[in-house]
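The sequence and model follow.

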Amino acid sequence: MLCSVVSAIVLVLLADDSREQTLIRTVSLGGDADTTAAMVGGMAGAAAGVDAIPARWRGFASQLARAVPEAAAAVRYALAAPGDADAGGGGGGRGFNLAVL
């Protein structure tokens, strides 16, 4: 796990292209790719906001939310603005979490 944390931090700090390419590169590294990509997505998203999610990824998340009711709540929660009471959990929206997508 420590290697994943260090790898994620380095990948985010050294990213010189799109966040999408950074995530694709992260997953392509193999190993604990799902954990590392979740951290990279979270850090990149915290820095750039929900608008950094490519439109086609947001569209996929919407399709998934319609197809799988449990996913709808997760997508709403992940994309909610911080403190958004409609996000569920007493206004616990986090703003952006690519890991959910």
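Is Glu-20 buried or exposed? At 15% relative accessibility, Glu-20 counts as buried (under 20% relative accessible area; exposed is over 50%, partly exposed in between, with a 1.4 Å probe and protein chains only). Arg-56, at 55%, counts as exposed.

This is a predicted model: local features need pLDDT of at least 70, side-chain atom pairs count only at pLDDT 80 or more, and totals for chains, interfaces and linings use all residues. Residues are numbered from 1 along each chain as its sequence is written, and side-chain values use heavy atoms, without hydrogens and water.

The side chains of Glu-20 and Arg-56 form a salt bridge at 2.0 Å, N to O (a side-chain nitrogen of Lys or Arg within 4 Å of a carboxyl oxygen of Asp or Glu). Glu-20 sits in helix H2 and Arg-56 in helix H4, so the pair ties together parts 36 residues apart in sequence. Helices here are DSSP runs (H or I, at least four residues), numbered from the N terminus.

Now the packing. H2 (residues 19–28) and H3 (residues 33–48) cross at roughly 165 degrees, their axes coming within 9 Å. Axes are lines fitted to C-alpha atoms over the stretch in contact, and angles run from 0 to 180 degrees between N-to-C directions. H2 and H3 are therefore roughly antiparallel (over 145 degrees; under 35 is roughly parallel, 65 to 115 roughly perpendicular, the rest oblique).

H4 (residues 55–67) and H5 (residues 69–79) pack at about 140 degrees, with axes 5 Å apart. They are therefore oblique to each other.

Notes:
Helix = DSSP H or I, 4+ residues; strand = E, 2+ residues; numbered from the N terminus.
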